[in-house]
Amino acid sequence: MPALSAPAALPWFRHRWAAVAGLLVLSPISAEYLIGYSESTGRPLELLAGLLILAPLYGTVAVLIREITRRTGRGWPTILLLSAAFGVIQAGLIDQTLFDNEVDADGPDWATEALVTLIPGLGVDAARLLNYVGGHVIWSFAAPIAVVESCAPRIADRRWLGPVGVGVMVLLWALSAALVHNDTPADPTADPAQLIGAAVVAVALIAAAFTVRSVRTRSSAKAPSWWLAGGVTGVAWCANQLLPATWAGVTVNVVAMVVLGWLLLRWSRRQGWGRRHVLAAAGSALVIRAGLSFMVEPLGDNVDFTVKYAVNAAMLGGVAALLLIAAHRLRRQEPSAC
């Protein structure tokens, strides 16, 4: 019997590590590459090389957030709160871009806009706060987790790593975070009070993540179709990305995200809500991000736009293919789901 159990366990081992590898790669691609702002957008080989830093920096966090949540039997509220915590850690403590309020006069149009939503006394721009921390929540962690779990629905609720695997993820993240932190300018952009404040906020979000519980009760109402969920979330993602960096834009953005969160919470309690709805919401985020890349002017003066558009098209095609694979696997797993 032991001789039979080992081969039976081998496919599960392969499936778990394939899922881990997929999340390690999808997280940084979604966070940094889909939108196409980087100077290396026109140089595909540099994009691949960049994953050596970005996969440990973003992908390991996505894997650990998913692993912690599933091991403790929690759900999406925990994933979102942990994602927000690591968004604050990344932008507020590691690279400190959250506190860098200088305008790049030599950058593209979107980087030269004056900051008009500075929060008095905090030294933080509200529009950049939404962009950096909110961007990490949606595109660095939550959406990639949802898509990769949809690609592996049979093990979506299981642990993917053992103690050694978890330790490797933590070590890779710590090394990459130290490398990025040491690569920041010599003159710090944040003062001690700002760093302490960011740390306190991150700890509070982590504490909240382990306090909140998913609501188990179901409403008797029927959940909307998955394509309607994807369409509504897609409109919200468009608003998030396209609204101007003004107080009016920030206000509308916050209201849109709050309304979207309220809708998703209500819908998720209804009969018929399932993984296809989650995939539709997460997949629409990736599609919108990749689609808008054609409108983005990359940093740098030596970008070959022919190659840039080819890379943008390849990214969008890759997202579409990945979502089709995920939807196909969910149909096989849940053939009666609507």
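The following legends describe close-up views of a predicted model.

Local features are reported for this predicted model at pLDDT of at least 70 and side-chain atom pairs at pLDDT 80 or more, whereas totals for chains, interfaces and linings use all residues. Residues are numbered from 1 along each chain as its sequence is written, and side-chain values use heavy atoms, with hydrogens and water left out.

**View 1. Overall architecture of the protein.** The secondary structure comprises 10 helices and four strands, where helices (H or I, at least four residues) and strands (E, at least two) are DSSP runs numbered from the N terminus. In that direction the elements follow the order α-α-α-β-β-α-α-α-β-α-α-β-α-α. Of the 338 residues, 42% count as buried (under 20% relative accessible area, with a 1.4 Å probe and protein chains only). Among contacts with a separation of 6 or more, 83% are made by residues 24 or more positions apart; a contact means heavy atoms within 4.5 Å.

View 2. One cavity of 30 Å³ or more is counted. On a 1 Å grid over the protein atoms alone, a cavity is a set of points where a 1.4 Å probe fits but cannot get out, and lining residues have an atom within 4 Å of a point. Grid points are joined across faces, edges and corners, and the volume is the space filled by probe spheres set on the points. The largest cavity has a volume of about 40 Å³. Its lining consists of Leu57, Tyr58, Val61, Phe86, Gln90, Ile94, Phe141 and Trp173. Helix H2 (44-71) and helix H3 (76-94) are the elements that give two or more residues to this lining. By class, the lining has seven nonpolar, one polar and no charged residues (Ala, Val, Leu, Ile, Met, Phe, Trp, Tyr, Cys and Pro count as nonpolar; Asp, Glu, Lys and Arg as charged; the others, Gly among them, as polar).

**View 3. Packing of H3 against H5.** The axes of H3 and helix H5 (residues 163-182) come within 10 Å and cross at roughly 35°. Axes are lines fitted to C-alpha atoms, for helices over the stretch in contact, and angles run from 0 to 180 degrees between N-to-C directions. H3 contributes Phe86, Ile89, Leu93 and Ile94 to the contact, and H5 contributes Trp173, Ala177, Val180 and His181. Seven of these residues are nonpolar, one is polar and none is charged.

**View 4. Surroundings of Ser176.** Ser176 belongs to helix H5 and counts as buried because its relative accessibility is 4%. A polar atom of its side chain lies 3.4 Å from the backbone nitrogen of Leu57. Apart from residues up to four places away in sequence, Ser176 touches Ile53, Pro56 and Leu57.

**View 5. Surroundings of Ser27.** Ser27, in helix H1 (residues 2-33), is buried, with a relative accessible area of 0%. Beyond its neighbours within four places in sequence, Ser27 contacts Tyr58, Gly59, Ala62, Trp139, Ser140, Phe141 and Pro144.

View 6. Leu47 lies in helix H2 and is buried at 8% relative accessibility. Leaving aside neighbours within four places, Leu47 is in contact with Tyr33, Ser40, Thr41, Val311 and Met315.

Notes
1 Å grid on protein atoms, 1.4 Å probe; cavity = no way out; pocket = protein on both sides within 12 Å on 5 of 7 lines; lining within 4 Å. Buried < 20%, exposed > 50% of the residue type's maximum accessible area, 1.4 Å probe, protein only. Polar contact = N/O pair within 3.5 Å; in protein donor to acceptor, adjacent residues only side chain to side chain.
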